[in-house]
Amino acid sequence: MNFQKKALLTVVAAGLFGSLQAVAQDAQSGVKDLEAGRYTKALQTFQSLATSAPSAENFFYLGYAQLKSGNPDAAKQAFEKGAAADPKNQLNNVGLGAVALAKKDRATAKTLIDNALKETKNKNIDVLLRAGEAYTMFKDAGMNDPAEALRILAIADERDKKNENADIEMALGDAYSLKNDGGNAVTKYENALSIRPNDAEAKYKIGNTFLRGKNYAEAQKFYGQAIEADPEFAPTYEDLAEAFFGSRAYKNASKNMDLYIQKSQTTDVDKLLRSAQFDFLAGDNLKAIQKLDQLKGKVNNPVIQRIYGWAYSGSGKYNEAIESLNNFISTAPDKVIYDDYKYLGRAYGQLGTPEGDSLSIVNLEKAAPLDSTENLYREIGKNLYGAKRYDRAITAYQKAIALDTGKATTNDYFQLGMANYLLGSRVGRDSTMMMGGDTAAIRQAKEKFYAAADSAFLKVNQITPDWSPGYYFRASANYFSDTKGAMATGEPVPLYEKYLEVSDKEIAADAAKKEANKRYMMTAYKFLSSYYANKNDAVKSKEYLTKAAELDPNDKDVQNALNPPAPQPAAKPAAKPAAKKPVKATK
């Protein structure tokens with residue numbers, strides 16, 4: 001907050017001669033604390049001054065401190081005392097106008113401020129400055145009027161004949177900023193710097209202009225300059241934390257928010273909650289929970305349940321996370337954002353129960369369409385695939401790829417292919433996919449899923465040409481989808497051969513992959529051997545059988561094909577038993 005330094009000189013006349021210097025120093029200290037966002041300390045200073053030297057100016061600064069710390073009722077009391085202490089001093093009437101703006105009573109605010117300007121005949125620069133500032137003090141639309149601020153500050157600027165009042169330039173910058181006119185705002189802040197070089201607040205506000213434009217790198221640069229100019233200017237750290245948050249540098253956001261709290265000595269609950277949120281995003285869940293525990297009983301804000309839920313989810317306390325987030329969603333439905341459903345879904349997914357898995361997907365699907373930072377459809381697809389819900393997994397992976405086509409990964413296409421591949425294998429076998437026993441419908445359904453799998457695996461081959469599984473499963477999809485008979489058409493042949501070529505390269509680079517690939521390589525060798533045998537190419541057929549035998553010497557089918565057992569001689573017919581002699585009858 002800007003406060004005209006020369007206005008403090010009038011405080012001198014308020015005390016006895018022996019305490020003049022102490023009073024002035026205390027006032028300057030209070031103003032510095034107020035400008036640096038240390039509202040609690042500033043309030044203590046001005047409360048003490050208003051008690052020991054109850055002047056209009058001291059009440060004005062006390063009221064301003066109360067207003068900036070979010071207590072308009074206390075501010076009103078201070079301004080009324082100031083107006084009573086010196087009815088001719090219009091600063092407190094401007095302050096009462098600012099209180100009216102804080103309560104969204106613009107009509108009363110205009111009456112009070114216009115009357116103060118009329119009483120001073122638009123000649124008092126301090127009153128003009130404070131009037132302009134009043135109209136820019138609050139960010140909410142119903143609580144400010146940047147156009148009126150510019151009108152009043154233009155008069156103040158004209159009165160500043162020597163162009164030496166940096167505070168007027170700063171206030172003009174604030175008014176342009178509220179109008180979203182960043183160019184003129186920066187120009188006015190730069191004008192203030194030309195009058196008051198190396199001013200931390202001016203550099204800080206230039207940083208704010210870039211922050212609003214989401215130019216986080218430039219914002220961070222100017223905030224850095226502001227800190228160099230004055231390391232104790234607390235507001236810089238808060239907005240620097242937001243700039244780091246915007247660029248997803250969460251550890252830096254957490255660190256700078258802690259510095260803001262330390263230097264401002266704030267007790268503002270919303271800011272302390274924001275700090276806990278940054279701790280969570282930085283991965284320090286225990287620190288976030290500790291801060292939240294300190295706020296228990298002091299916070300009448302349901303958002304605390306949100307941050308608890310996020311932090312519990314991140315620290316593995318899934319039941320607590322579910323309880324906190326469900327409590328938040330039910331008590332503050334108007335404040336719910338997609339992250340709430342995201343972390344609730346993840347917590348449910350860790351319960352390891354069918355109900356938990358189902359609720360996990362339900363909540364993640366609520367978050368996915370709105371989450372611009374993570375492609376949650378990937379996570380949904382993975383969960384559905386793990387639950388063998390391949391039909392829904394297909395839809396999820398299709399959405400994941402559509403949402404981020406340019407950055408779709410090998411895994412996205414591979415999982416899409418596998419979901420189609422496994423669903424194709426169920427047709428005609430699974431009780432839910434019997435197609436009413438219609439063989440033609442079964443054949444068409446298989447063709448559909450295996451063709452979709454083939455297309456997905458083709459994308460895998462294109463993105464990662466040196467990864468063997470993509471070729472193997474594409475070959476297998478072609479094998480199972482070939483209604484005319486793979487042995488007759490040979491469609492899988494070049495794909496199995498490519499799989500073996502790439503697999504050999506992988507094993508040459510990493511011998512450990514031989515065992516991992518063994519099963520699939522044996523399938524490819526056996527198919528190719530059978531295919532070439534069917535084509536009467538005994539040489540090729542034996543070549544693949546030999547490779548299969550080298551890979552797995554204990555495979556009986558391969559050994560029997562390479563070394564057929566010798567034919568057994570035909571068994572001789574059993575000799576007929578000799579006829580038995582009739583038994584003689586005995587007497």
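**Exercise 1.** Is K263 buried or exposed in this predicted model? Classify the residue, then its salt-bridge partner.

*Solution.* Start with the lysine. K263 has a relative accessible area of 13%. Buried means under 20%, so K263 is buried. Next, find the partner. E232 forms a salt bridge with K263, with the closest N and O atoms 3.1 Å apart. E232 lies in the loop between α12 (216-229) and α13, and K263 sits in helix α14, 31 residues apart. E232 has 38% relative accessibility and therefore counts as partly exposed.

**Exercise 2.** Which parts of the chain does the salt bridge between E238 and K271 link, and how does each residue class by accessibility?

*Solution.* Take the distance: the closest N and O atoms are 2.8 Å apart. Locate the ends. E238 is in helix α13 and K271 in helix α15 (residues 269-281), 33 residues apart. Now classify. E238 is buried at 16%. K271, at 21%, is partly exposed.

**Exercise 3.** Describe the lining of the largest pocket.

*Solution.* Begin with volume: about 1,600 Å³. Count the lining: 50 residues, with Y39, K68, M137, K139 and Y204 nearest the centre. Sort by class: 19 nonpolar, 16 polar and 15 charged. Finally, assign helices. Those supplying at least two lining residues each include α13 (234-246) and α14 (250-264).

Key: Residues are numbered from 1 along each chain as its sequence is written. This is a predicted model: local features need pLDDT of at least 70, side-chain atom pairs count only at pLDDT 80 or more; totals for chains, interfaces and linings use all residues. Side-chain values use heavy atoms; hydrogens and water are left out. On a 1 Å grid over the protein atoms alone, a cavity is a set of points where a 1.4 Å probe fits but cannot get out, and a pocket is an open set with protein on both sides within 12 Å along at least five of seven lines; lining residues have an atom within 4 Å of a point. Grid points are joined across faces, edges and corners, and a volume is the space filled by probe spheres set on the points. Helices (H or I, at least four residues) and strands (E, at least two) are DSSP runs, numbered from the N terminus. Ala, Val, Leu, Ile, Met, Phe, Trp, Tyr, Cys and Pro count as nonpolar, Asp, Glu, Lys and Arg as charged, and the others, Gly among them, as polar. A salt bridge is a side-chain nitrogen of Lys or Arg within 4 Å of a carboxyl oxygen of Asp or Glu. Buried means under 20% relative accessible area, exposed over 50%, partly exposed in between (1.4 Å probe, protein chains only).
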